[in-house]
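User: Please go through this model with me. I will ask about contacts, helix packing and backbone angles.
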Amino acid sequence: MEKRGPYIVTIEQFWRRFLPKLLSHLIKEYQFKKREADLVGQNVLDRLESKFSGNNSQPVQVFHEALTIIVTRETNKFRRLMDKNFGLSETSFNDMILKMRQGDESIFEVVFLSHFDFCLNYLQGKYKASYENAYDATMNAMVAFCKGLKDESITYGNLKFLFTQMAGQYYFKWIRREKIQEPMPEIDIPEEQDDFEEASLNILDKAWDLLGEGCQKLLENFYYNNSTLIEIAKKHEKSPTAMRKQKQRCIEKLRGYFKQMNH
Amino acid sequence: MDNSKKFTDDNLQGEELEAFTEKFLRAKFDRDRKKRWGKILEEKHGINPPGTEPRRRKGRTIYLWMGAVAAAVVLLFLAYPLFFNASENNYQQLADNYIQEEFFQNQEISKGDQDIETLEINAATAYNNKAFETAIENYDKIVEAGAAEDRHIFFLGLSHLYQGNYQQAIETLSGFVENEDFNSFQLEASWFLALAYIKHNEPEKAKPFLEEIQKGSWNRQKAQNLLDLLE
């Protein structure tokens, strides 16, 4: 049997004792959530195992010394990643996406609206955009970002950069009415919708208010939330064919109300 | 054809109707969403839509006026000695307050080459502990090693400013704001550069930067306060 001194332990032994302290430290000092602290802890363990892959039995002091640097580095790395993603860890991000797909945009709104100011300042500082133009471009970027997150064309990584670049693209494309001079393949902003006059949209609002709640939800889910008729039909325990007919009736109702309001 | 006519046109049928309805409804929902967000931004974040004045509460106007008059009287007593000093002292003092009141924390520690990373950790730790000489030494080493990124230069400039080396702060921060490759901290650098110019008795050079900040929302009021005193 291998002979060990009293203070020599394996990584596993050391980690079992050290992990609860580390998690508690990360939660108290860095305000990490439990799941985030677990992720940092896992990264620290990976680094520790890699560092001592040749000999995983060491005096406790050696592990402690190594950890001083590793914990700082991994914590900072994690925080930088969160900072790049509007303060969201990957798990929080996934939670947010899941809720958005279920129609709950509350987390998205809290996170992104609290960074609206940041983007506004960025456009004003970087491109000397006026307040009005910066506001509109940021708002357009937010709408596009919300859609991109839902359809998974935007993923976790560097959301802050992507968001500001997207707002910059909107600024150039929509506000300055210029072609994008330096296309950025990773940032794909949606094509402009047909321009609808404010007056037409106002009439549509009035007609919409006359529709029943059932029709409103059906049309919104189908045309805006990208739900398929099969999904909607399943939810309402109806056949897709019946749902299609109902959708057509709703559109005709809406057109009828629109005609009334337009007179 | 006008959209309002097109949507009710009897000839609009089939796929064309489907495509038009989708676009029309998307435009409506996008507009609804923007309106809702605009309201939240205004009410919870103090960000007003363009072209609108901050909301006022009529019923409280009289109390606000009374408060303003009372505050002015108190301020007159408190600030009495200042009226007899040169106006230069006013903006110098205000710049001092802004430098001291909100220490700009460095949370920008990066990954990368281990030696550089160690230097950066040392620099950032020293900076956050307000040991600016040590921070400057470490940031200088990063610069000498040719590994400086925007955040290093920015915090080097800030270290000089907090240390009272206004000339070096100006040199570093003006180099920073002129560098088009640096994307982060541009607005913040402009603000601190303006403060450095004021402290270095070059208030005229501070003005363009303050005017730029005053156009935005971050530190807008502070920039306006300084501009008022510089006039």
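Analyst: A residue counts as buried if 20 or more other C-beta atoms lie within 10 Å of its own, and as exposed if 12 or fewer do. The model is predicted.

User: Is B:Asn219 buried or exposed?
Analyst: B:Asn219 sits in the loop between helix H10 (203-215) and helix H11 (220-230) of chain B. Its phi is near 55°, a positive value in a residue other than glycine. Since 21 other C-beta atoms lie within 10 Å, B:Asn219 is buried.

User: Is A:Lys128 buried or exposed?
Analyst: A:Lys128 belongs to the loop between H6 and H7 of chain A. Phi is near 55° here, a positive value in a residue other than glycine. Most residues other than glycine have a negative phi. With 11 other C-beta atoms within 10 Å, A:Lys128 is exposed.

User: Are H6(A) and H7(A) parallel or oblique to each other?
Analyst: The two axes, of H6(A) and H7(A), come within 9 Å and cross at roughly 130°. An angle over 145 degrees would count as roughly antiparallel, and 65 to 115 as roughly perpendicular. H6(A) and H7(A) are therefore oblique.

User: How many charged residues has the contact of H6(A) with H7(A)?
Analyst: The crossing of H6(A) and H7(A) is right-handed. Residues making the contact include A:Phe116 and A:Leu120 of H6(A) and A:Tyr131 and A:Ala134 of H7(A). By class, the contact has eight nonpolar and two polar residues, and the charged count is no residues.

User: How many charged residues are on the side of chain A that touches chain B?
Analyst: Chain A gives 41 residues to the contact and chain B gives 35 residues. On the side of chain A, 19 are nonpolar and nine polar, and the charged residues number 13.

Technical notes:
Residues numbered from 1 in each chain as written. Chains lettered and ligands numbered in written order. Predicted model: local features only at pLDDT ≥ 70, side-chain atom pairs only at ≥ 80, totals over all residues. Contact = placed C-beta atoms within 7 Å. Nonpolar A, V, L, I, M, F, W, Y, C, P; charged D, E, K, R; others polar. Axes fitted to C-alpha atoms, helices over the stretch in contact; angles between N-to-C directions. Helix = DSSP H or I, 4+ residues; strand = E, 2+ residues; numbered from the N terminus. Parallel < 35°, antiparallel > 145°, perpendicular 65-115°, else oblique. Left-handed = near helix turned anticlockwise from the far one by under 90°.
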